[in-house]
Amino acid sequence: MPVQRLRPASVAALCVTELCALGALVVPLVVGLSLLVRELDSGLAPETRLSWVETTGALAGMTFNPVWGWLSDRRVRRGGDRTRWIVGGTVCGCAFAVTATFMPNLPLLVAVWACAQASYSATFAALYGTLSDVVPPADRTRVSGWFAAAATGAIALGGLIGYALLSGHFGAVLREPRASFVLLSIVAVPVAAVAAWHLRTLEPFPHEPAPVRRPADGPRGLVAVLAGAGAPYWWLWLQRLFAQAAYSCLTVYGVFFLIRRVGREPHDAASLVALVTAIGAATGMVMAIGGARALARRVGYRPVMAGGILLLLGANLVLTTATGTPAYVLALLCAGAGLGTYVALDLAVALAVLPHGANGRLLGYFNIARTLPQTVVPALGPAFLAIGSGDLVGVDPSRNYFAFFVFGSALAAVALVLLTRMTLPERDSMG
């Protein structure tokens, strides 16, 4: 009997939608919000203003992600598909992102950006659920690699577009920070519509019957689903949380780091952050597409995932005392390669360990491990930046970036330790 495979067009529909929808969020996160909050009238430090916006937005996305996954699961069980959540989430996310650029004060910006992230989380939850629906076991590693490449590619594309906007390559009119909220958002909507039109024609892959009865909806059903996910799922979830948090430490305050440590002007710092983020993410994209998978087949999943986490650890350690642009560039390149290596494999493992029957909901919770660090790191960041009398090095020691990146290093170290608790596939067992 021939092995069922997923068509290239279907893989492309999933990946391009992830690329554009996540890119619509990444462009503002990389450069737009940092510059936008500096223009607001507030007595708070710029890092604290940014923390309010990013923490609240990520919290909204994290809260609604499993809700959308649960609703899309219900839709699938009734014979439908998840495409309405893909299109609806992208349209609403685009609308709120554009609206955010007109907010005159910090509270309104916080509220509208939270709505944007909550909306886009519907797109991501539906995409993850569709992966579980239609990807056969023989394609898990291949498709997961491409999907992870789309996620890191979104960071690369977002950084590149942000650099092109801020450096004037798209014209002087688009050099304003507000343009970074709009450009990729309006691209994501037609892409999501075309992808959804294709994805709704796919037949779900026939999974093995669930070993336990499908849980009911409601709070009791939720508890049953989470309890039935199994220890392998939760160890993987926890490790993804710490690995993503270590990466978030390297990116959340990039603009302000260059201003305070290196002495760059705000607009110049934002342009550099965008360009370096793009290059680092492109490196990660290469690893996600083929490098990580090839290494995993040769030496196994555990050492390759450990290598990705070690790169994140090393990047944080470099920035603890870095005072120049070359060190910052080196750290972001290492971080991009490390994240791309890690996420290419952790999603493949998640698809393998998920119990059938609540795929969208559990993948929604798995995606929380990607979004929760966007809440925790900005929320805790100001506390670490305020430790002691200030930074050890840099032109502006008013914020303790040394303590902040020690915190990032510790997060990566915890992720590395958690790897010893996990049961992972070996070599070619996942295609």
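How many residues has helix α11 (residues 301–321), and how far does the helix reach from its first C-alpha to its last? Helix α11 has 21 residues and reaches 32 Å between these two atoms, close to the 30 Å expected at 1.5 Å a residue; the expected span of a helix is 1.5 Å times one less than its number of residues. The model is predicted, with local features requiring pLDDT of at least 70 and side-chain atom pairs counted only at pLDDT 80 or more, whereas totals for chains, interfaces and linings use all residues. Residues are numbered from 1 along each chain as its sequence is written, and side-chain values use heavy atoms, with hydrogens and water left out.

The secondary structure of the chain comprises 14 helices and zero strands, where helices (H or I, at least four residues) and strands (E, at least two) are DSSP runs numbered from the N terminus. Of the 431 residues in the chain, 56% are buried (under 20% relative accessible area, with exposed meaning over 50% and partly exposed in between; 1.4 Å probe, protein chains only). Among contacts (heavy atoms within 4.5 Å) with a separation of 6 or more, 83% are between residues 24 or more positions apart.

The buried residues of α11 include Tyr301, Val304, Met305, Ala306, Gly308, Ile309, Leu312 and Leu313. The axes of α11 and helix α14 (residues 401–418) come within 8 Å and cross at roughly 165°; axes are lines fitted to C-alpha atoms, for helices over the stretch in contact, and angles run from 0 to 180 degrees between N-to-C directions. The two helices α11 and α14 are therefore roughly antiparallel (angles over 145 degrees; under 35 is roughly parallel, 65 to 115 roughly perpendicular and the rest oblique). The crossing of α11 and α14 is left-handed, that is, the near helix is turned anticlockwise from the far one by less than a right angle. Residues of α11 in this contact include Ile309, Leu313 and Asn316, and those of α14 include Phe402, Phe405 and Ala412. By class, the contact of α11 with α14 has 14 nonpolar, five polar and no charged residues (Ala, Val, Leu, Ile, Met, Phe, Trp, Tyr, Cys and Pro count as nonpolar, Asp, Glu, Lys and Arg as charged, and the others, Gly among them, as polar).

In the loop between α13 (359–385) and α14 lies glycine 388, which is exposed, with a relative accessible area of 67%. Glycine 388 is ten residues from serine 398 in sequence and 9.8 Å from serine 398 in space, C-alpha to C-alpha.

Helix α12 (residues 325–353) has 29 residues, which should span 42 Å at 1.5 Å a residue, and its end C-alpha atoms are 42 Å apart, in agreement. Helix α12 is mostly covered, with 21 of its 29 residues buried. Helix α8 (residues 231–251) packs with α12 at an angle of about 160°, their axes being 11 Å apart. This makes α8 roughly antiparallel to α12, and the crossing of α8 and α12 is left-handed. Among the residues in contact are Tyr233, Arg240 and Tyr247 of α8 and Leu339, Tyr342 and Asp346 of α12. The residues of the contact of α8 with α12 divide into 14 nonpolar, four polar and two charged.

Helix α3 (residues 83–100) and helix α6 (residues 179–199) have axes that come within 9 Å and cross at roughly 170°; α3 and α6 are therefore roughly antiparallel to each other. Their contact includes Ile86, Val87 and Cys94 in α3 and Phe181, Ile186 and Leu199 in α6. By class, the contact of α3 with α6 has 15 nonpolar, three polar and no charged residues.
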